[in-house]
Amino acid sequence: MISFIVPAYNEENLIGRTLSGIHLAASELTRPYEIIVVDDGSTDRTATLAEECGARVVNVHHRQIARVRNAGARVAVGDILVFVDADTVITASTLRATLDALGNGAVGGGASLRLDGSIPWHGWLLLWLVQAGMRLGRLAAGCYVFCTRESFAAVGGFDERLFATEEIAFSRALARQGRVVILRETAGQRR
């Protein structure tokens, strides 16, 4: 089973599209899955909308992304964990590439980042440079991170001492367990 873990804080404007994208991607692959939204003390309708979209909601008050992601992993039942930010839309091709990478021996990884909206030319240049560096370093962008449950447990999850770059530390920890893959397929982040 695939467990999608979506950390969220005041995402009522974006959560519906994100969860619809996950449902669509997963249903195209006909694999059993669950969606867990870890609501980190939202003061808007994030939790209600997530439930309406068929997600299981776990309520926490951590205000720290590594702890929130780990809280979702603790209640997940899948043997594959996919962490998707609440402002990110995934596609079936990205999910298919994820499953192919894991099926071919990878222990985890991430997707290339795609930003929606208007971005100045120097923003595109910076994005390209960052993506190239992350691909070469096999470092996952936080908006889409995947791994096997076994590798997640082996590295102890996301490092809760970090308040930023926890996905970078997680990628490095995974690399000590085996092959980490940064997919050419994208996860779209909305701003």
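N10 comes out partly exposed, at 29% relative accessibility (buried is under 20% relative accessible area, exposed is over 50%, and partly exposed is in between, with a 1.4 Å probe and protein chains only). You'll find N10 in the loop between β1 and α1 (15-29); helices (H or I, at least four residues) and strands (E, at least two) are DSSP runs, numbered from the N terminus. N10 isn't a glycine, yet its phi is positive, near 50 degrees.

R63 also has a positive phi without being glycine, near 55 degrees. R63 sits in the loop between β3 and α3.

## Ground rules

Keep in mind that this is a predicted model: local features need pLDDT of at least 70, side-chain atom pairs count only at pLDDT 80 or more, and totals for chains, interfaces and linings use all residues. Residues are numbered from 1 along each chain as its sequence is written, and side-chain values use heavy atoms, with hydrogens and water left out.

## D87

Now for D87, in the loop between β4 (80-84) and β5 (88-89). D87 is buried, at a relative accessible area of 7%. Its side chain makes a 3.3 Å polar contact with the side chain of T88 (a pair of N or O atoms within 3.5 Å; within protein, one must be able to donate a hydrogen and the other to accept it, and residues adjacent in sequence count only if both atoms are side-chain atoms). C143 is 56 residues from D87 in sequence, with 8.0 Å between their C-alphas.

## Helix α3

Which residues of helix α3 (residues 65-75) are buried? They are A66, V68, R69, N70, A71, G72 and A73. These pack against β1 (2-8), β2 (33-40), β3 (56-60), β4, α6 (149-155) and α7 (166-175), where contact means heavy atoms within 4.5 Å.
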